[in-house]
Amino acid sequence: MRLLNLHIRNFRKIEDLSVIFPKGLAVIVGENNAGKTAIIDALRLMLFSSRDFEALRLNEDDFRRGSQNAPIEISCTFCDLSNADEVHFQECLVDIGDGKFHARLNARAEFNSTTRRANVKMWGGETEGGTLPSNLYDHLSSIYLQPLRDPESGLRPGRHSQVSRLIDCLTAVDKRVEFETIAQTANNQIRELDPVKSAKADIDAQLTSIAGAELAQEIELIFSDPSFHRIIAGLQPEIDGLPFALNGLGYNNLVFTAATLGTLRRSKNYSFRSIIVEEPEAHLHPHLQVLLLRHLVNAAEDTDGNTVQVLVSTHSPILASQAPIDSVISVHDSAGKVTGVSLCSIDYDETLKKKLQRFLDATRAELFFARRILMVEGIAEALLLPVLARMAGGNLKDSSVTVLNADGINFNAFVPLFGSGRLGLSVAILTDGDDVGRTGTPSATATGLKAKEGEIQNLRVEYGEITFEHELARSAALLPFMLQAYRTLRPTLGAVLDTQINGLGTDYAKADAFLEEFLRSKASKGEFAQELAGLFEDSLSNPEAEAFPVDCVPQYIRDALEFLGVITVSNPNEPDGATEGTDSVPEPD
């Protein structure tokens with residue numbers, strides 16, 4: 001059976017949250033202090049026996065502040081029960097129809113203001129009453145790996161080391177004697193060595209001298225207790241010929257995680273097996289992070305009946321970008337309200353889902369950690385928007401805005417992520433209207449995206465009349481910088497373009513000429529934007545340079561920035577953030 005969902009109320013900063021878990025791997029992502037650890041700890045409360053040292057011990061700080069210590073309520077539901085599971089969890093069954101059942105565990109914690117302690121009651125099924133059977137946790141096996149863990153403690157020789165546990169799972173009872181025979185033989189051979197014989201005789205003689213012949217006892221010197229569990233407790237990993245204690249934390253973390261997974265996968269006597277890992281990326285460089293994630297995916301999708309549900313929380317955009325889309329659970333804190341969206345629950349066109357998976361990289365995966373998103377068509381906008389925002393009087397970083405490059409017009413792969421019951425953060429899309437003939441009718445792409453505003457409350461779509469570069473070139477304040485950047489890339493053609501544009505009379509004519517030459521020369525948009533952004537930055541940092549007028553930034557960009565809270569408009573009474581007397585797409589001169 002597997003974990004299907006988790007419902008939390010009044011736990012820490014969470015008021016009311018339901019989380020759906022996908023089959024196999026679940027990757028919980030979100031910014032710091034968004035509620036990821038609270039979800040993990042709620043799972044610890046439910047999945048670990050109160051006798052387990054990894055179980056959560058509630059205290060006063062776990063009750064949500066401002067709730068007058070309202071009871072903490074947590075429940076988790078399991079699905080895909082076998083007939084044996086239904087027997088083991090009969091007190092926890094929930095009828096879902098057609099003769100099928102889920103299993104549900106419930107907990108309520110109430111704060112006692114006199115003892116300053118939390119009193120926890122747990123029960124199974126839909127109706128409160130009774131207690132869970134004492135052997136219920138004999139059928140649940142979960143291992144928790146805390147953040148910034150010390151893997152050496154889990155690998156150090158001992159009865160409860162992960163290496164010892166793994167070997168114990170792998171060794172049939174009738175095979176344990178083989179370990180003991182080898183150890184006994186080794187002990188016998190060591191006892192026959194002259195130094196060992198001499199040491200034994202010396203100790204025996206001194207004991208006889210101390211206690212007398214009547215009380216003295218004969219000793220034996222052995223290198224190991226020849227019992228199975230004592231033998232495997234002494235085993236420890238050696239990595240490239242070195243003891244594990246001399247290896248770095250990162251690789252020891254991999255060894256520790258591998259041994260833990262191996263133990264769980266071979267513990268077939270349990271109905272439910274899971275590993276909960278906080279920050280698996282700890283101490284790992286990017287490539288090892290990717291390899292570890294791939295292994296976790298394989299472990300969670302094992303087809304040989306050794307399936308382990310892998311639950312991970314992470315701050316790493318590398319892991320978020322490489323994880324299967326359906327495995328991602330995005331957690332956000334908006335105005336003090338924690339929300340969680342499981343991407344597996346979003347009705348996503350399969351073609352678009354595959355497209356999104358291909359597009360996600362470590363940069364684009366930042367959308368799962370963002371508070372606000374500014375989505376743009378390409379690299380030019382991505383490079384220039386931060387400095388254009390400063391010209392407009394704002395700052396993207398200070399406003400926690402993440403710029404996401406959709407690499408062309410691939411917005412349709414990302415848009416389904418947002419809306420009611422989905423990612424609730426504010427999203428602005430900047431695109432080109434591609435209305436080359438200036439007919440007043442933008443492209444079908446821009447029109448279709450604009451229509452999405454009616455479906456997605458937290459979405460704003462703004463578009464320029466023709467292209468991004470044309471919008472910038474129409475500004476008398478920006479055009480000289482654009483010509484200078486172009487001359488750097490194309491010195492000869494740039495000089496000719498300078499002369500040509502100086503002979504033109506209107507801003508539109510100049511912008512037309514610039515765009516025509518820019519496209520004809522096939523100059524790299526990325527290189528051009530990089531050069532132009534540098535020129536803008538130099539001017540902004542030069543106290544003697546003339547300040548950029550706010551309206552040098554195209555209006556449609558300012559409208560998007562205002563929607564995201566990066567800037568405020570000069571006339572707050574004007575609808576849609578437009579300054580009085582202006583339009584998003586100005587009329588030609």
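## Terms and overall composition

Two strands are taken to pair if DSSP finds at least two bridges between them, and it is in this sense that Leu25 stands opposite Val310 in strand S12. The model discussed here is predicted.

The protein chain contains 19 helices and 18 strands, and of its 589 residues 49% count as buried. Among the contacts in the protein chain with a separation of 6 or more, 73% are accounted for by residues 24 or more positions apart. The protein chain exposes about 28,600 Å², of which carbon and sulfur atoms supply 49%.

## Strand S12 and its two partners

Strand S12, which covers residues 309-314, is joined by five bridges to strand S3 (residues 25-29), and the two run parallel; one of the facing pairs is Leu25 with Val310. Strand S11 (residues 272-278) is likewise joined to S12 by five bridges in a parallel arrangement, with Val277 having Val312 as its bridge partner in S12.

In a regular strand the side chains alternate between the two faces of the sheet. In S12, Gln309, Leu311 and Ser313 point one way, whereas Val310, Val312 and Thr314 point the other way, and all are buried. Because six of the six residues of S12 are buried, the strand is largely enclosed by the rest of the structure.

## The hairpin of S5 and S6

Strand S5 (residues 93-97) and strand S6 (residues 100-112) pair in the antiparallel sense over four bridges, and Leu93 has Ala103 as its bridge partner in S6. The two strands form a hairpin with two residues between them, and in the turn Asp98 has a positive phi of about 55°.

## Helix H12

Helix H12 (residues 379-391) has 13 residues, which at 1.5 Å a residue should span 18 Å, and the distance of 19 Å between its end C-alpha atoms agrees with this. Just after H12, Gly393 takes a positive phi of about 100°.

The buried residues of H12 are Ala380, Glu381, Leu384, Leu385, Val387, Leu388, Ala389 and Met391. An α-helix has 3.6 residues a turn, so residues three or four places apart point the same way.

Notes. Residues are numbered from 1 along each chain as its sequence is written. This is a predicted model: local features need pLDDT of at least 70, side-chain atom pairs count only at pLDDT 80 or more; totals for chains, interfaces and linings use all residues. Side-chain values use heavy atoms; hydrogens and water are left out. Buried means under 20% relative accessible area, exposed over 50%, partly exposed in between (1.4 Å probe, protein chains only). The expected span of a helix is 1.5 Å times one less than its number of residues. Contact means heavy atoms within 4.5 Å. Accessible areas come from the Shrake-Rupley method with a 1.4 Å probe; for residues, only the protein chains shown count as cover.
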